[in-house]
Amino acid sequence: MDFFSRGYNALRGEKGQTQSVDTTIQRLSDCLETATLLEDRRAGVLSLKGLVKDWKREVGEMSLPALIKVLRTDYRDVDITKSLLETLIILCTPDEKDPDDAAVAFTDTFLEDPENVTILLDIVEEYDFYIRFSTIKFLAALITNRCKRIQECLLTSPMAITRLVDLLDDKREIIRNEGLLLLIDLTRSNAEVQKMVTFQETFEKLLALIEDQEGISGDIIVQDSLTLMQNLLRYNVSDQVYFRESSCIQQIPGLLGYVGDSDADHIPFSIEDWPEQKIANTVEVLVLIRILAEPDGANTTVNQQVMVQSGILPPMIQLALCSNAPPPVRTEALYALAYVMRDNEATQDQFTKAVVASPPSSLPHQENDELQGNGHPAGAANGPDHHAAGAPHDDMVSHLPPRPAMVSLIAITVNNDPSFTYSYTSRAAAAYAMFSCVDGNHDTQLVITSMMKSPPIDNVNSDYNDRPHSAGSLLLDAIENWELSIHDPYKVWFACAILSHLIKDNEQAKQVASGIVFGEQDHGEEPVPLLHHLVAQLLMSTKNSATNARIPIAYLCLLCVWLYDSPKCVSLFLSESTHVQFMIQEVQSSTNDPIVQGLAAFLLGITYQFNDDPNTPISRENLQAIYSSRVDILNSHMVRLRDSPVIKNALPYSEIVDDHDDGVSLDKSLPMLMLDMDFVEFFKDVHETMQRAIKRKPSSFKPAMPPPPAVDSEELASYKAQIQYLEQKVASLEVQVAKEQERSLALASQVQAMEKEQEDIMVIMGEQDLVSKKYRARLRQLGEQVTDSEEEDEDDSSLV
């Protein structure tokens, strides 16, 4: 009890009188600086711990250096270290209620010497619960105040990251959980720290921890584990490579789960309970998938392939298209599905072949303990993706057969399932998933465009309550009936946006769409092309005062994409003479939305720029006569549209930031989604060209190339036969040339051999000549005479 008395005596003066707080704190600080006994220092720390809650600034300003000194000298003493850490935590934890709080300044003082952080890392190895817990809390406070400085200190300490990651192996849940939160705060930004944490087998530890917690059905520790994985993978190429090569991606499908028989011919409808924590955990898994498949990422293509090979599509499709998942889960599942498909034709094709269960007309009854205070099933209160009010609480019933996944995707987008009402966020996500499925895939674009026909009334499926639709017929139904969008303008908006993506940069799809006509000639009706029908729908929508501006905006955006760089479509548009006059009226009407005026002016610019069809009903000269007096007006409206907030603030991926509706009614405020981001980029790229083009004289345009002359089938067959004969002749000559080349090579080798043999003979003759000269010289030395014939032979041999 001696240290208690020492602490108490510090509060009294020399004769027992009470002294001021500043004097007391100063005396305690001096005690910590000068005391030689551990008990005295312990008593001083305990006294300061008791004062710091009420006099935080005073204790920090006068005693922090002394406290740091004691920490560095006595950190191996459990009792004094525990009190020190608790005092330091209070000093470095910001008080939001105090505007003059000095927690950040105290943090800077502590971090002046990196050795202080090293000591904390030594202390964290102490197994004592309170010591380890307090050290983690103090490190967390330091990271909150000065994350970058802490990261720098940790990077210079060899074992720092290892010790922190080892906290995940602590069997005490509180320590493990606090260590996990510490790592989350530490890995939010620094890529080097992320790499060092990753290479401590952190992914493997986290996935094992999630498995121990029963996956997405686990508690908040699952959510925190997934958050840490996201921190390590987001924008970090090397960590993604490690995650992929360590076979961690293969475990993601198991985290999502799959309800039903995986070998069935279609993906079944999933009915699950959705408590709040399961919703949060599932969303985190789906966000993880989006990080791995981030558009234009360095590892995106490889990650997409590995995820698809691991079986990620079925559980994602089930969550997105055929489940009772609440809106946050459905929305994230749709975006994750979009990311996995984007710019990956193989995955796009795999999705188009998928078949899913049609939504049931009613959902099974849920027990009372699963109902929340508002009477909706758990999860349904979280948003609008639930069955329509008044549905009977009996077994799940579906009156429709399974349908292609593409049909379900479009049905969500245009809100076409009678038993479900989808949130705007889910519908926007479904639209983006549709864009990702068709963009760059001309075959899929052409197939869906060719299916834009209403199902026959007397089809074989007439026994069903609702006639089955194709993907194209769903779009056509939404586009041609704008009246159905009076209370839900996004019905036609999303449908027009999808059709824009189907025909963009695909002239063949544009021609197929242009060939769609309304009206049966057999019944005396005049056929009306779909393009003309859209303009008529646009005209009627602008005349109705109840029409939301999003409806004419949708039609105008679609028409702009349709006519751009397509002279034949421009010619079809101009074949109805009233279209140009109607567009001019829309531009000049002061009651119109400025976006509508700008888009109408943009469309008129496109008709002038691409009016190159030789059979156009209105020549460019005639259009100039109409536009010439209105050029400044048209350009000013295009500039106004360019500078408008809808262009500048357009969000990527069709995201809706604030979804106000609750899903039960569509009469509430609409989200601020006016233009598709792809259209915004398209407009930014070409609007200046349209502004310049509309000022040009018709003579400045290059004349259109005449179409090639028609060739009858017999003449074409004759040409093909002649080409085939010439190809055979060329092949025969190529064979002869090859033979001749082989023959010439053989002759060349023979000549080469003969030349080599001749060289050998010459060498032998030279050697013989030398020998004969030697013998003759020897004969002369011996006094023998050499005849003239022998000399001549010698001369002849020398010449040779």
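Helix H19 hands over the largest share of the lining of the second largest cavity, three residues; helices here are DSSP runs of H or I with at least four residues, numbered from the N terminus. A cavity is a set of points on a 1 Å grid, laid over the protein atoms alone, where a 1.4 Å probe fits but cannot get out, and lining residues have an atom within 4 Å of a point. This is a predicted model, in which local features need pLDDT of at least 70, side-chain atom pairs count only at pLDDT 80 or more, and totals for linings use all residues. Residues are numbered from 1 along each chain, and side-chain values use heavy atoms, with hydrogens and water left out.

The second largest cavity holds about 40 Å³ of space, a volume being the space filled by probe spheres set on the grid points, which are joined across faces, edges and corners. Its lining includes Tyr258, Glu272, Pro315 and Gln318.

The largest cavity comes in at about 130 Å³. Of the 14 residues lining it, Ala497, Ser500, Cys557, Asp676 and Phe679 sit closest to its centre. Helix H26 (490–503) gives the most to this lining, with five residues.

Phe679 turns up again in the largest nonpolar core, among the residues with the most contacts inside its 223 members. Such a core is a set of buried Ala, Val, Leu, Ile, Met, Phe, Trp, Tyr and Cys residues joined through side-chain atoms within 4.5 Å, where buried means under 20% relative accessible area (1.4 Å probe, protein chains only). Helix H29 (residues 550–563) gives the most to this core, with 12 residues.

Conventions
Buried means under 20% relative accessible area, exposed over 50%, partly exposed in between (1.4 Å probe, protein chains only). Helices (H or I, at least four residues) and strands (E, at least two) are DSSP runs, numbered from the N terminus. On a 1 Å grid over the protein atoms alone, a cavity is a set of points where a 1.4 Å probe fits but cannot get out, and a pocket is an open set with protein on both sides within 12 Å along at least five of seven lines; lining residues have an atom within 4 Å of a point.
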